Amino acid sequence: MHIDFPMTKIIATLGPATDTSEKIQNLIEAGVRVFRINFSHGSFSDYDNLIKKIRIAVSLTDQYVGILGDLSGPKIRTGKVITEGVLLKKNQEIKFVKKEVIGGSIGQEYTFSTTYPQFIDEVKLGESILLDDGNIELRCVDKLGNEEDAELVCKVIEGNLLTTAKGINLPESDLSMPSLTEKDLKCLDYAIENKLDYLALSFVRKKEDIILLKNMMKERNARPSGLDVTSGDLGFSTYFEDDYIPIISKIEKPQAIDNLEEIIDESDGIMVARGDLGVEMDLAEVALLQKKIITLCKQHMKPVIVATQMLQSMIDNSVPTRAEVSDVANAIMDGADAVMLSGETAVGNYPVKAVKMMTRVARKTNSYQVENNSQPANYTPYEGLLRRKAAMARGVAIMAKEMKAKFIVTWLHSGGSSVFLSQQKLNIPIIACGENTRRLQQLSILYSISPFYMKQPSSGSNFIASVNSMLINNGWVQPGDPIIIVASSPITRKGITNRVILHYVGESVEEEKL
């Protein structure tokens, strides 16, 4: 069996450019380990079609591949505008109204509506309003009328062509709108019904936004009632295994930066969503914020994804820019668990080439990290049973470096210990074996983990013998190569990881007495 052991994982967004099982299979073979379904676009029948094709494609490979559902969140957009759009010029005044109008039509030449009329009441004088990913900048200069007749008068600071349904960003405004929309709740139900592996929460501003989603999931039996703040195990160290979906919080608002540590603490994982973050924050700060977010995630032992415009030019070109390649490499060196492609694979002309390029960059960068690795073992103290898992992971990290281990092999029931090991960022492949296929899929997003199906062994010695055979028969090691095996004792016992074996491949293993 030819298996690649990717360290940094690749997430690809699906769309019109990649909507067949053949194309999806090509993406998997090129290196994708998680597919993102963006709930901002398409219908539930479209999502049905994509999920069906993902699962067909996965069945034709030897890989476990996860699915990430990305909730739209409360994105504000402009209302209808005449077909040719309206050109806004610097220093011109325009206004927003609560009633629905067609911007640019007769009598409404410079009057526009939005999908969230209440923002007219909540934006304050002097605050900035950004349209179309920052291509248009406005400043609120006056507020007229009351209630349904209220108007927001704005001065154009930077002009451009405005068309229908362009995004509105309000970096200086504190809005009262909820973090979950009615559509998000329908998408949540859909994600649970279709057993998606992760949910991304958009436009997180404070920890209460995450708590709201957690409570909604608990009501739907998709999160244990006692699972509140997860630790370095992604919440996997629980017997609740059927419908549990971890939450990935997207950092893309200035308010999220203000509340960063509490958001990371409350989240199961984090995504650095550089698109809206780069619109609402000073562009010169984005790279620094990315490094800060990744560093904090490492300290909290939370997985982190870096996303948006990583190989943007490959939407139209078969080769990326040198700057884009450096961007991907730097995200990996900072410590990202995964890097994500958006438009490159959803609507781009070269989706498979984009994935192959990202795979090449990741492989080269990971090899460099192996040769120059001086990162100390990571440890965050926890209470209760998780303290043992955290200490075990730190100990394995130290031993793996001393032994120059070729692999770390784990037997998983819930997968919590494997997550702790992944967050050590060891640059050593972790082979996670188990028969819990849902967990194997969910582990696919994590740094250095390669999931493998194996039936429950009857004893620890049988597991070691099976590992020896798997590694040697596939040509992944030579007899005598060092590996570390992590499991429970007895191996059938759930909820505990209390056994670490320093093993040289091919050594005889005595039958366990336990």
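Q: How many aromatic pairs does this predicted model hold?
A: The count comes to 13 aromatic pairs in this model, which is predicted. One of them joins Phe 5 and Phe 452, whose ring centres are 6.4 Å apart and whose planes stand at 35 degrees, so the pair is tilted. Because Phe 5 lies in the segment before strand 1 (9-13) and Phe 452 lies in strand 20, the pair ties together parts that are 447 residues apart in sequence.

Q: Are Phe 5 and Phe 452 buried or exposed?
A: Buried means under 20% relative accessible area. Phe 5, at 15% relative accessibility, therefore counts as buried, and Phe 452 counts as buried at 9%.

Q: At what angle do the ring planes of Phe 452 and Trp 476 stand?
A: The planes of Phe 452 and Trp 476 are at 55 degrees and the ring centres are 5.6 Å apart, so this pair is tilted. Trp 476 lies in the loop between helix 16 (460-473) and strand 21 (482-487), so its pair with Phe 452 of strand 20 ties together parts that are 24 residues apart in sequence. Phe 5, Phe 407, Phe 452 and Trp 476 form one aromatic cluster.

Q: Why is strand 20 described as largely enclosed by the rest of the structure?
A: Strand 20 covers residues 449-453, and four of its five residues are buried, so the strand is largely enclosed.

Q: In which sense do strand 19 and strand 20 pair?
A: Strand 19 (residues 430-434) pairs with strand 20 in the parallel sense, over five bridges, and Ile 430 has Ile 449 of strand 20 as its bridge partner. Together with helix 15 (residues 437-442), strand 19 and strand 20 make a right-handed β-α-β unit.

Terms used. Residues numbered from 1 in each chain as written. Predicted model: local features only at pLDDT ≥ 70, side-chain atom pairs only at ≥ 80, totals over all residues. Heavy atoms only, no water. Buried < 20%, exposed > 50% of the residue type's maximum accessible area, 1.4 Å probe, protein only. Helix = DSSP H or I, 4+ residues; strand = E, 2+ residues; numbered from the N terminus. Pairing = 2+ DSSP bridges. Right-handed = clockwise from strand over helix to strand, strands pointing away. Phe/Tyr/Trp six-rings, centres within 6.5 Å; stacked < 30°, edge-to-face > 60°.
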